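Please read them beside the coordinates.

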Amino acid sequence: MRQVVLAVDDDRQVLESIAMLLDACDFCVVTAQNGNEALKIVKTQKIDCVLSDIKMPEMDGMELLAAIGEHDAQVPVILMTAYADLETAVTAIRHGAFDFIIKPFQSDYLCICIKKALDYRRMTELEVNYKKELEQAVADKTLQLKSLNQELVHRLTTVAEYRDTDTGDHISRIGLYSRAVSEAIDMPSEYIETIGLAAPLHDIGKVAIPDFILLKQGPLTPEEWIVMKQHTILGARMLHGSLQPMIQMAERIALTHHERWDGTGYPKGLKGEEIPLEGRIVMLADIYDALRSKRPYKAPISHKEAVKIILEGDGRTFSSHFDPQLLDIFKKIEYKFDKIMEMKNSGLKKASSWSRCCGGEDVTC
């Protein structure tokens, strides 16, 4: 069954042109000439994606975006805008738009953008449905919890990998580093197992960051950096509401893995023990792996150099960013981090590498 795209534009000729292009891309197309008409369609039909002009009479694209979000937040909305309205489009991203297209656009790019939005919709529905299935399974079959948790992590990290171009093992390594630190500080076995499963979901919120920001090769603008930092909040929102300890921990990690011990992190500027332990652990693991990994904008550095930067700082990363207790533990077990890093060609699950430099403000984002 073909997925349904709702195209919205007050210019009939533009609307007909878009409908022809999307039909040629094998999408089922529904059209509307204003926001009010579009909203009625969304409320009465199953719409998989909305493509709307940002400037329309009565209800503009921003207002339609907000109304659709209140009705069904799972429907991705792509806004069409002129280049002069780029700042408005970035604002729309902050308010939940999946992406935007600058007019005039190429037909191939339009189809690719729609396909990405539809794939994201399918994956989001899978995640929502799976959380419900997981909670029911735990209530009925407690003994199956571990295997179901592992499958959930696999499914959600697959979602993350879809939005990435790197083929590193970053996501899997984060879980292994986090287990190693938790074992070294004598956490209970249940905690160690849980953080090993939850930590790889730390960057799940980046599935909602537009490609033009997420995959940008150069430094981000201040406006783009604001959007990028939203991945912590978006990730926590995706994982919010579960009754299961692993998902609850993953939510805390997604929200706090960029907070710093000295209060200079984001999104809330938490300080010291205001930051959950698992957030502090994953932050350390994430920084180490980013330093060791090759990126389009930098070469990888050695284990020895990475350890020195974490313990002593380099002008961008400071030892004051880290929990002092965890730094002491890191000194004792840093060799384990090196061994985990070297496992990349020894059977470690292939996963995405999402660390990058954002506007020169941080080692990872």
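1. Helix α2 (residues 35–44) lies across β1, β2 and β3 and runs at about 135° to β2. Here contact means heavy atoms within 4.5 Å. Axes are lines fitted to C-alpha atoms, for helices over the stretch in contact, and angles run from 0 to 180 degrees between N-to-C directions. Helices (H or I, at least four residues) and strands (E, at least two) are DSSP runs numbered from the N terminus.

2. This is a predicted model, in which local features need pLDDT of at least 70 and side-chain atom pairs count only at pLDDT 80 or more, while totals for chains, interfaces and linings use all residues. Residues are numbered from 1 along each chain as its sequence is written, and side-chain values use heavy atoms, with hydrogens and water left out.

3. The protein chain holds 14 helices and five strands. Of its 365 residues, 53% are buried; buried means under 20% relative accessible area, exposed over 50%, and partly exposed in between (1.4 Å probe, protein chains only). Among contacts in the protein chain with a separation of 6 or more, 67% are between residues 24 or more positions apart.

4. The five strands form an open sheet in the order β2-β1-β3-β4-β5, with parallel pairing. At its edges are β2 (28–32) and β5 (99–103), each of which pairs on one side only. From one strand to the next the twist averages 20°. Two strands count as paired if DSSP finds at least two bridges between them. For β1 (residues 4–8) and β3 (residues 49–53) there are four bridges, in the parallel sense, and Val5 stands opposite Cys49 in β3.

5. What lines the largest pocket? The lining has 34 residues, of which Ala73, Gly96, Tyr120, Leu234 and Arg237 lie nearest the centre of the pocket. Two or more residues each come from α3 (61–71), α4 (86–94), α5 (107–140), α6 (145–162) and α10 (222–239), and α10 gives the largest share, six residues. The pocket holds about 780 Å³ of space. By class, its lining has 23 nonpolar, six polar and five charged residues. Ala, Val, Leu, Ile, Met, Phe, Trp, Tyr, Cys and Pro count as nonpolar, Asp, Glu, Lys and Arg as charged, and the others, Gly among them, as polar.

6. On a 1 Å grid over the protein atoms alone, a cavity is a set of points where a 1.4 Å probe fits but cannot get out, and a pocket is an open set with protein on both sides within 12 Å along at least five of seven lines; lining residues have an atom within 4 Å of a point. Grid points are joined across faces, edges and corners, and a volume is the space filled by probe spheres set on the points. The whole structure has three cavities of 30 Å³ or more.

7. The second largest cavity contains about 40 Å³ of space. Its lining includes Glu259, Trp261, Arg280, His321 and Asp323, and divides into six nonpolar, one polar and three charged residues. Helix α12 (residues 277–292) gives the most to this lining, with three residues.

8. Helix α8 (residues 189–198) is largely enclosed by the rest of the structure, because seven of its 10 residues are buried. Among them are Tyr191, Ile192 and Leu197.

9. Ala184 is in helix α7 (residues 170–184) and is partly exposed, at a relative accessible area of 27%. Ala184 touches Ile329 and Ile333, not counting residues up to four places away in sequence. Ala184 and Lys332 are 148 residues apart in sequence, yet 8.7 Å apart in space, C-alpha to C-alpha.
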